[in-house]
Amino acid sequence: MSSDQDHHSSHPNLTTLNSRALASLFTKIRDRDTTSKDFVHYSKRIMRLLAEEAIALLPTLPYTVITPTNVSFIGQISVADTDPDMVCVVSIIRAGDSLLESIREIIPGIRVGKLWIQRNESSSAKEAVHSCTKLPKNIDNMNVILCDPMLATGGSSCMALSILVDEYGVDPSKIIFANVICCPEGLVAVTERFPSVKIVSCWVDPEMNEEKFIMPGLGDYGDRFFNTA
Ligand code: PRP
């Protein structure tokens with residue numbers, strides 16, 4: 001099993017969350033006996049942390065405020081606050097909609113785009129199939145937070161990134177891809193094709209099984225979140 005440090009040296013644009021809260025929250029969502037209702041509860045707590053971390057990767061500017069104790073404090077301000085028209089969030093339907101809502105709870109007016117991409121579960125390669133696109137106008141000028149809770153083979157996320165970069169002209173260095181759980185194969189697939197895309201993940205699991213499920217993983221995130229297992 002490779003260490004977290006190995007993943008960061010092979011993927012310099014990878015950020016993993018460093019929160020003590022994740023250990024018990026992940027145990028809950030990994031447990032096959034956790035009901036869909038509880039899965040939603042615990043995964044929302046995880047996605048709130050992930051959403052804040054993804055938003056923190058947006059560009060910032062130095063910003064000085066005066067505190068109530070009448071001293072100045074030099075901090076920073078996010079482009080999401082200074083220039084909200086320059087930011088959008090795009091979800092990979094269906095599971096990505098769960099994480100999209102966590103972003104929208106933090107930035108309620110954010111522009112939203114959707115890409116409907118599903119894995120072909122009846123094939124052995126589990127290749128991604130794209131069926132629908134709806135993106136904000138002028139997305140080629142924006143910073144984009146791309147949401148999908150799972151990065152397994154990387155087929156779905158590479159297809160989404162190809163649509164954003166190759167078809168719509170988004171600058172890959174302005175894309176932040178947020179996922180709850182990933183594995184080395186998916187990380188390699190995305191970073192080889194889109195090296196300047198920033199990836200933020202809560203957890204890197206060691207491998208996939210023959211069915212292309214992340215191991216030990218947590219099953220199918222979309223089915224568990226939307227209660228269709
Ligand atoms: C899951 C997941 C990702 C994809 C990851 O979606 O949400 O989109 O698989 O796998 P990959 O990296 O091998 O492409 P799925 O197609 O099961 O649809 P869902 O969102 O409806 O669950």
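Here are some numbered notes on the structure above.

1. Ground rules. This is a predicted model, where local features need pLDDT of at least 70, side-chain atom pairs count only at pLDDT 80 or more, and totals for chains, interfaces and linings use all residues. Residue numbers start from 1 along each chain as its sequence is written.

2. The annotated span. An unreviewed UniProt entry gives "domain: Phosphoribosyltransferase" for residues 18–228. UniProt positions are quoted in the numbering used here, feature names are shortened, and annotations may be inferred rather than shown by experiment. Residues 18–228 are 35% helix and 30% strand, and their end C-alpha atoms sit 31 Å apart. Helices (H or I, at least four residues) and strands (E, at least two) are DSSP runs, numbered from the N terminus.

3. Around the ligand. The ligand has 23 residues around it, with A95, A152, T153, S156 and G222 the closest; being near means that the C-beta atom, placed from the backbone, lies within 6 Å. Two or more shell residues come from each of strand 5 (111–119), strand 8 (150–151), helix 6 (155–167) and helix 8 (221–225). By type, the shell splits into eight nonpolar, eight polar and seven charged residues. Here Ala, Val, Leu, Ile, Met, Phe, Trp, Tyr, Cys and Pro count as nonpolar, Asp, Glu, Lys and Arg as charged, and the others, Gly among them, as polar.

4. Strand 4. Six of the seven residues in strand 4 (residues 87–93) are buried, so the rest of the structure largely encloses this strand. Buried means 20 or more other C-beta atoms within 10 Å of the residue's own, exposed means 12 or fewer, and partly exposed is in between, with C-beta atoms placed from the backbone. Strand 4 pairs in the parallel sense with strand 7 (residues 143–147) over five bridges, and with strand 5, also parallel, over six bridges. Pairing needs at least two DSSP bridges between the strands. V89 is opposite I145 in strand 7, while V90 has G113 in strand 5 as its bridge partner.

5. Strand 7. How many of the residues of strand 7 are buried? Five of its five are. On one side sit N143, I145 and C147, on the other V144 and L146, and all of these are buried, leaving both faces covered. In a regular strand, side chains alternate between the two faces of the sheet. Strand 7 also pairs in the parallel sense with strand 9 (residues 175–182) over four bridges, where I145 stands opposite I176.

6. The core. The largest nonpolar core holds 57 residues, and L50, L146, C147 and A178 have the most contacts inside it. A nonpolar core is a set of buried Ala, Val, Leu, Ile, Met, Phe, Trp, Tyr and Cys residues joined through C-beta atoms within 7 Å. Leaving out residues up to four places away in sequence, C147 touches V89, V90, S91, I92, G96, L99, L100, I103 and A178. Contact means that two C-beta atoms, placed from the backbone, lie within 7 Å.

7. D205. Beyond its neighbours within four places in sequence, D205 contacts I181, C183, I214, M215, P216 and G217. D205 and T16 are 189 residues apart in sequence and 12 Å apart in space, C-alpha to C-alpha.

8. Backbone spots to check by eye. Most residues other than glycine have a negative phi, and most peptide bonds are trans. A cis peptide bond links I93 and R94, with omega about 20 degrees; R94 is in the loop between strand 4 and helix 5 (96–106). Another cis peptide bond links M215 and P216, with omega about -5 degrees, and P216 is in the loop between strand 12 (214–215) and helix 8. K126, not a glycine, has a positive phi of about 55 degrees and lies in the loop between strand 5 and strand 6 (128–134). K212, not a glycine either, has a positive phi of about 65 degrees and lies in the loop between strand 11 and strand 12. K126 counts as partly exposed, with 18 C-beta neighbours inside 10 Å, and K212 is partly exposed with 19 other C-beta atoms within 10 Å.
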